[in-house]
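Subject: Model handover and notes

Hello,

Here is the structure for your files. My notes come after it.

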Amino acid sequence: MAKIRLLSTSMVQATTDKVTDERIELTQCDLKLLLVDAIQKGLLFLKPKSLEDQNSLIQHLKTSLSRTLDCFNPLAGRLATVEHDDNTVSFFIDCNNAGAQFVHAAADGVTMADILQPVYVPPILHSFFPLNGLLNYEAVSKPLLAVQVTELVDGIFVGCTMNHAAVDGTSFWNFFNSWSEIHRGLDHVSKTPVLERWSLLNGSISPPIRLPLSIIKNNPGSFIPSPLQERVFHFTKGKIAMLKAKANAEAATTSISSLQSLLAHIWRATTRARLFEHDKEIDLRIFIGLRARLQPPLPESYFGNAIVSGIVTLRTREILEQGLGFVALEVNKVVSSYTKNKVTDALASVLKNPSPLTKADLGRIHSLAISSSPRHNVYGTDFGWGRPVAVRSGPGNKFDGKLTLFPGLEEGSMDVEFSVLPETLKALGNDLEFMDAVTI
């Protein structure tokens, strides 16, 4: 498949300079993600039939991005550090309006079908994202936000790379949705981001959090995973409902959710496919959202990271022999355990010991890690060209056992992007029990 052709690269600043002295201290949730990759998600659109002048489209996107950065001014800034006398370092966002990166590119000869029809995600897709390989702490000298608009023969791909120490997935999609609103001609965004973060998580405790300087200086940086393949599996609303009914019936409960049922189905299938030892302990790592769990709750449009990591640990034999209901109920127990008191204690614990996760931690052998959420408003991102046709992720934070969750195009359906070893994907494709829930 053809390579992409770079047409232009520029910096886009917010239209106002009123924010140049603002400083946003990173919280314990932000710092946890300092040593990993950025969030990379992108949307594929049909090329507008009325579009004749690509230059006018690009200029319009830059103008609307600039106006959107007026509301999301931290994304036009940079990370800044303060090194202290006790060999520690602290981080904050300097809202200096240095700008977000905007890349315009073309994938000559590449059609939407070339992206959507192959069984496996084509490697060229990764080149539709900017700032590949950049770790979050390196945004001291690099943008916190970069977007790339790639022209296809019959489509447009808008890829977005956003620093994960600055935002989580909910904040990411609020920005993406807001940019599309401004581009469509709205005067204001529907969900104004709440930029105050430290006091909302930590009350009267004074910032900053100091990290040992050695954590940054000794970070190995590059984590080279095994050769991976990616595939997107589609689960319809009806198939998910069947899994939910089966899981609740087996576990004699009504508390297991649709998502927990689907995750249990996937965990069991990947365990079969990976041929682990019979009594091996395996982890399922899930991110627990804090916005609604804290008391008082955080605003829905809180702009920053509001997640903690939850881990479900089971043995191979339990996953394979106990059935869907047992596994789903174990997932449910862990998620349900994150009460107001537990998330408050978790925040306090991380505040005392804010050791950042590394890419090696995320890609720990025998684990399965879940990212993103089917609740994000992915298909509401409309720049005026109609709804997106598909959503895909970039190469950031990919390792054997990474699952990325998206809502499906049809209401109530889900798409799950698997990043695993080629032999695992092949085994999953041949697994009749797993594939019975998948719609090709």
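This is a predicted model: local features need pLDDT of at least 70, side-chain atom pairs count only at pLDDT 80 or more; totals for chains, interfaces and linings use all residues.

Residues are numbered from 1 along each chain as its sequence is written, and side-chain values use heavy atoms, with hydrogens and water left out.

Strands

Helices (H or I, at least four residues) and strands (E, at least two) are DSSP runs, numbered from the N terminus. Two strands count as paired if DSSP finds at least two bridges between them. Six strands form an open sheet with mixed pairing, in the order β1-β6-β7-β8-β3-β14. β1 (5-12) and β14 stand at its edges with a single partner strand each, so one side of each has no neighbour in the sheet. From one strand to the next, the twist averages 20 degrees; axes are lines fitted to C-alpha atoms, for helices over the stretch in contact, and angles run from 0 to 180 degrees between N-to-C directions.

Strand β3 (residues 39-46) pairs with β14 in the antiparallel sense over four bridges, and L44 stands opposite A390 in β14. Strand β10 (residues 229-235) pairs with strand β16 (residues 414-420), also antiparallel, over seven bridges. There, R231 faces F418 in β16. Five of the seven residues of β10 are buried (buried is under 20% relative accessible area, exposed over 50%, partly exposed in between; 1.4 Å probe, protein chains only).

Helix α11

Helix α11 (residues 340-352) has 13 residues and spans 19 Å from first C-alpha to last, close to the 18 Å expected at 1.5 Å a residue; the expected span is 1.5 Å times one less than the number of residues. Its buried residues are V343, A346, L347 and V350. They lie on the same side of α11 because they cover an arc of only 100 degrees around the axis, the arc being that of the directions from the helix axis to the C-beta atoms. These buried residues pack against α1 (28-31), α5 (198-202) and β12 (307-315), with contact meaning heavy atoms within 4.5 Å. The face turned away from the buried side carries the exposed residues N341, D345 and K352.

Residue V389

V389 is in the loop between β13 (367-372) and β14 (390-393) and is partly exposed, with a relative accessible area of 27%. Leaving aside residues up to four places away in sequence, V389 touches L44, L46, M112, L116, Y379 and L409. V389 and T424 are 35 residues apart in sequence and 27 Å apart in space, C-alpha to C-alpha.

Regards
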